[in-house]
Structures are given as structure tokens and as C-alpha cells.
Amino acid sequence: MSVLKVKDLKSYYISEVFGIKRTVRAVDGVYMEINRDEVFGIAGESGCGKSTLIKTLLGMIKPPLTIVDGEIYYDFGDKKFNILSLNPDESRKIRWEYISYIPQSSMSVLNPVRRIRDTFKSFLGAHKKFEKDELEGLVKEHLSALGLPTEVLNAYPHQLSGGMRQRVTIALASILKPKVILADEPSTALDVVVQRGVIQLLRNIQEEQKNIIIIVTHDMGIHANICDRIAIMYAGKIIEEARTDEIFKHPLHPYTTYLIGSLPKIGDKSYRVSAPGSPPPLSNLPNGCSFHPRCPYVMEKCKKEFPSLLNVEDEHRVACFLVNKEDDNGARD
Amino acid sequence: MTFFKRYLLPRIIQYLVVIFIGTTVVFVVPRLMPTDPIQQTIERVTMQGTYIDPDAVEELKETLKELYGLKGTLFEQYAIFWKRLFRGDFGPSFAQFPTPVMELISISLPWTTILLLLTTLLSWVIGNILGGLAGYFSHYRWARILEGIAMFIRPIPYYIVALGLLILFAFIFPIFPVVGGASIGSEFKLSWNLIIDIIEHAFLPALSLIIVGTSTWFITMRLIVSNIVTEDYVSYAQSGGVSNKEIVFHYVIRNGLLPQITGLALSLGQIFSGALITEQVFSYPGIGTLLYRSISTGDYNLMMGITILSIIGIATGVLIIDIVYPLFDPRIRYE
């Protein structure tokens, strides 16, 4: 049963400076379906719209970000809604209690002049009423369950290491046992040892709370480690989506092949080829398939039409004319 | 103990050095001026047509030299100057001889202190809160209106605002008195009538200072906040569903206040130099009026007294901020 269903989502950054309108198509027609108790990974190069997708899923839409089209349905059994049609106050209440968020740069997300305790208080107090000592007890219990020292509560953000700050944001995101946790590059700014700890922490939380985790990162190693399913994003669209082992064994889209082919393997010292060129600017996408200028198998058709994301095998979808040769009428189930 | 040794002591030493240098400059500068206060005094006396015989003039010169602290070499004068200063004695006023400068200042100081302390604090608090709110809710109409008002007031020269208020509320609509700090002939005994009288007289000067002060603080805070709202910790708190009220006060204004606190300390220190234009426009009997009078009559001792007082005021303000700043910004700690 799917908990989150995204339909033809288009969120653009539309700005107008001195009468010149600029549209950045950060998320451009994304379809997604995520099931209960699933860890879903979104991979892609920098600037392909991953973080914007997360922001939109969270319902944090602030200008210049504009939702042009699409729906995001959440179905939590007792609560069903399209987050894009909620008013600001309703979506404020949904956030954190049902859908929480682990930010990209934990270095600057904590208020520098308040103790960690106060940050916990303001985040929790916004959603539930607590008795005087209840909140403190809950926070301490949660921190020790995650294996964090409760002394961090007395600290100011600048007194904590980067890894500890990221763990604090993870503890903040998971304390209300939300149904969905959106993690935006949760380990990117950390060194490898701390990365491992952070990913392990996320996995423990998921095992215990059985929530959906949507994890965005460009690090394929992390995806291989933690995700059940992976979607590859390119220029604002999902171009391939499959179960983790499937995508690593049989990548179908040329871009995915490059992405996975560039990963080092132990014992294999051959030269790794990465995709030539760099991703197109989202404000000025090429016609047809946005990957065609970099694709070695480019055909005439790729320059004119955009391939739709179609089922190839069970739970393996790909948007490429190489794979979907006949099936190109643009329909999607 | 380490706090005292490594944080407080260096700052107190710095404080004393600043005051010492400032005071020394105040001592030296008038002595480099081409005018001679003793000659001036004697001229003032002889100008009135009195004949004084040369021996008496010589005697008078000596007496005046001693009184003014101008006896001996520059170094001796300097030593005497400090000796007097430690006793809180700035010497006699030249223009209102022989009233001590200290007495003149202590009459004017309470007027200025109460007026400026109140208006500075009030406009700081109001300006920062309104500026913070308008900066955070910048897309609302009321925020734009507030900003428009502040932008309109800010460039008007202060004396125009002050005169405008005076003409409007004391002349066209005579609600408030035109001049002074209290009605002429009032007895200075603590009574309700006196307090109301003083408030009535102080109302217009205070209003003019608050209008201009508030809009200045408002605009600075509004600018600071427009940067803070783009900070990650603000959008993170918003994504966490933290209420707007909490974000405005604990996240936005709280962080925006840090630079404003420094500004507050400096303007509190400036209280002791008075509000020259305000006091002139409203004929308010404060330090500003005194300073103006001392300049126009060439009363060096009085000038020096007021200047030293304001040096001490600003230096003390900075010292206090240095000491209490870590309370506001935990990133700054005494090591």
C-alpha cells in the first residue's frame, strides 16, 4: 500500500527581475510512489532538483519556488491529504508530527544563541502540550535511546562537533515518531567515519519506528547501504527507478550506467568512465531528452521527444528510448 | 579567577587608558589655542570701563592663574589638573565665575539624564521590536506601511521634526508648554504638581527624540532582519512547524539584537554630552544647553568638564557592553 503518491509534480523557481522572467525547472514532472516501511533513495548530480523535491514534499513552498502543477498525496490511514492544497497553518501542524526533515547543512540550522534544549522545546512545543518535566524527560529518553549523551542539551550549537550536530538534527527529526522522514544529504558534510555512524543511526531509527525514510544524496555508496529502492534524477525528472540490487546489477538508462560505473570497486584498478560534460542548466533545458547532449547512444528521436517513465520489469521503470523502443506514446499507468 | 585575570582586568586597564588619553587630549587642546583666558577675563573687566592699576592687574593675573590652574610649567599644570580631577573638581566656570563647573553640571545633568535615558531606551525597544516584526512579516501590508513611515521620517533633519512638533503642539494647538524644563518659579519640592509639570515640559522633547530614534533603530533592525530570515536556522525552524511568534522573538529578533546592543551602549554613553539641538529648540535646561553656552562664552573649564564627562560616559558604556555581551551571544566566552 502506498503512503506517498506524487503525480506529475512540477515545482519551478520563477523570478522576475527588471521585467526579465526567469524560470528554473527544478522539479519537472516527477511521479513517485512510496510504500509503508520503505527507505527510498533519490540520487543524482548536484543541481538536478533533489533538494527542491524534498522541500516540496515537505510542503515548504516559499517564493520564488512555485508549484506549477501536480499533486502530493499522503495517506497515513487516519489522515489523508494533498499537502499542496493545505493552508499554511494546517501544513505547519502536519510537519514534524507526520513528516519531518533532516537538513542538508547541520552547521547552520541550529539557532546559535539558544541551547539545544531550547531548540527541542520550541520544536516539540509547537506540536504538543507538555507538562513541565515531561518534555525534558521525553527528550532525554529519546537521546539515550539513540545513544547520544544527554549533556548536549546544555550545549550551544557552536560547542558541538559537526557529527554531533547532525545527530542532534536526526534526534530532532525522529523524536515525534513521524511517519515520513525526509533526509536531504544527511551525511554530505561529514567525514567517512562519522558518516557511517549517522547512516547507522538513521537505520536504527527506521527499524524501530518503521517510518518511511526518503534519503537524498549523490553518494551511491550510502544508497547501496541503506535504501530499498532508488530513483535516479536528472534535470528535474526521475529517469530510472528500481530496487537497489536491481539498479546496481542491471542499470538501464545510460546515465545510470555511468553513475554506477564510476563507483570504485575493491581489486578493480581499471579507469572509471564518468558521463561526459556536465548537467544542463535547469533554466535552459535542451529539447527532447535532457540527457541527449551527453548520451553516447543518442538517436534522432531523443532530440525531439521526451521519453516517459515506463515499466520495463517488475518495479523497474526507466525513461529512455533505447529501452522503450515501441512504447513511446507518452502514456503512463 | 581566570575570568577576572584574563577577561575583566585587561578590559578595565583598557578602559582606564582610554579615559587617561582622552582627558589628556582635553587638557592639551585648549592650551594650544591662541586665546588666553586670563587676558580675556581682564579685558572683559577693563572693557566695562573700570580702571585697574597695573600692580593690581599683575596681582589679578596671578590669582586668576592659580584659580584657572594655569600656574607653573605645562607639566605642573597637568599634575594640578589631575589632582583636582580626582577630587571631582573641574575648576571654576569662567563665564559664571566663581561657580564651580561641577555645580553647573550637577544642576543640568539630571534633566538630560532622565530625558535621554528614557527616550533612548524606549526608542531602542520599540524600534527593534517593530523592525524585527516588519522584517519577518515583510509581505504584509502593515509592515510596508511601517517601513514607509520610517523611511519618510528618517531623512528629515532632526531640528525640522523638533521645530515642527513645537509649532504644532505648543503654538497652533497650545497643549504643551513652549520652553523650559519646568514652569518658571516652581518650587522644587517633591509633589504631584511638580512631576506633572516636568512631564508636560519634557513631553515634546521626548516625543521628538523618540520619533527620530525609533525610526533609526527600526530601519537598522529591518535591514539586519532581512538577512536573518534567509538564515538556515530560520527556515529549519519553519520546516519544523515552530510558531511564527516563537520564530520572530527567539530566532529573528534575538539574533538581530546582537549588533544593536553595541549601538545601544554607545548611545547611552552619549547621554552625558547632552542632546544639543533638542535642548536648544525646546530651551530645555540640560547639558546640551550648558555645552552650547560654554562654547559661545569661551568657558574652557566648563567645556572640559562636559567633555571629560562624556568621555567617561562612552568608555563606561563600552566597558559594560564588553562585560555583559557574552550573556547575549554565547559564542563569545571569557576563556
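This report walks through a sheet, a residue, a helix pair and a chain contact in a predicted model.

## A four-stranded sheet in chain A

Let's start with chain A, where four strands make an open sheet in the order S2-S1-S4-S5, with antiparallel pairing. Strand S2 (20-35) and strand S5 (80-82) stand at the edges with a single partner strand each, so one side of each has no neighbour in the sheet. On average, neighbouring strands here are turned by 10 degrees against each other, with direction ignored.

Now follow one pairing along this sheet. Strand S4 (residues 65-75) of chain A pairs with S5(A) in the antiparallel sense over three bridges. If you look for A:Tyr73, you will find A:Asn82 of S5(A) opposite it. A helix belongs in this picture too: H1 (residues 50-58) of chain A lies across S1, S2 and S4 of chain A, and runs at about 70 degrees to S2(A).

## A closer look at A:Val3

A:Val3 sits in strand S1 (residues 2-17) of chain A. Is A:Val3 buried or partly exposed? It has 19 other C-beta atoms within 10 Å, and is therefore partly exposed, since a buried residue needs 20 or more.

Leaving out residues up to four places away in sequence, A:Val3 touches A:Ile34, A:Asn35, A:Arg36, A:Tyr74, A:Asp75, A:Phe76, A:Lys179 and A:Ile212.

## Two helices packed in chain B

Two packed helices are described by the angle between their axes and the distance between the axes. In chain B, helix H9 (residues 232-239) and helix H10 (residues 244-269) pack at an angle of about 160 degrees, with axes 10 Å apart. H9(B) and H10(B) are therefore roughly antiparallel to each other, because angles over 145 degrees count that way. Their crossing is right-handed.

Which residues in H9(B) and H10(B) meet? From H9(B) come B:Tyr233, B:Val234, B:Ala237 and B:Gln238, and they meet B:Ile247, B:Tyr251 and B:Val252 in H10(B). The residues of this contact divide into six nonpolar, one polar and no charged.

## Where the chains meet

Finally, look at the contact between the two chains, which takes 19 residues from chain B and 22 residues from chain A. On the side of chain B that touches chain A, the elements giving two or more residues are H9 and H10 of chain B. H9(B) gives the most, with six residues. That side of chain B divides into six nonpolar, seven polar and six charged residues.

Definitions and conventions: Residues are numbered from 1 along each chain as its sequence is written. Chains are lettered from A and ligands numbered from 1 in the order in which they are written. This is a predicted model: local features need pLDDT of at least 70, side-chain atom pairs count only at pLDDT 80 or more; totals for chains, interfaces and linings use all residues. Axes are lines fitted to C-alpha atoms, for helices over the stretch in contact, and angles run from 0 to 180 degrees between N-to-C directions. Angles under 35 degrees count as roughly parallel, over 145 as roughly antiparallel, 65 to 115 as roughly perpendicular and the rest as oblique. A crossing is left-handed if the near helix is turned anticlockwise from the far one by less than a right angle, and right-handed if clockwise. Two residues are in contact if their C-beta atoms, placed from the backbone, lie within 7 Å. Ala, Val, Leu, Ile, Met, Phe, Trp, Tyr, Cys and Pro count as nonpolar, Asp, Glu, Lys and Arg as charged, and the others, Gly among them, as polar. A residue is buried if 20 or more other C-beta atoms lie within 10 Å of its own, exposed if 12 or fewer, and partly exposed in between; C-beta atoms are placed from the backbone. Two strands pair if DSSP finds at least two bridges between them.
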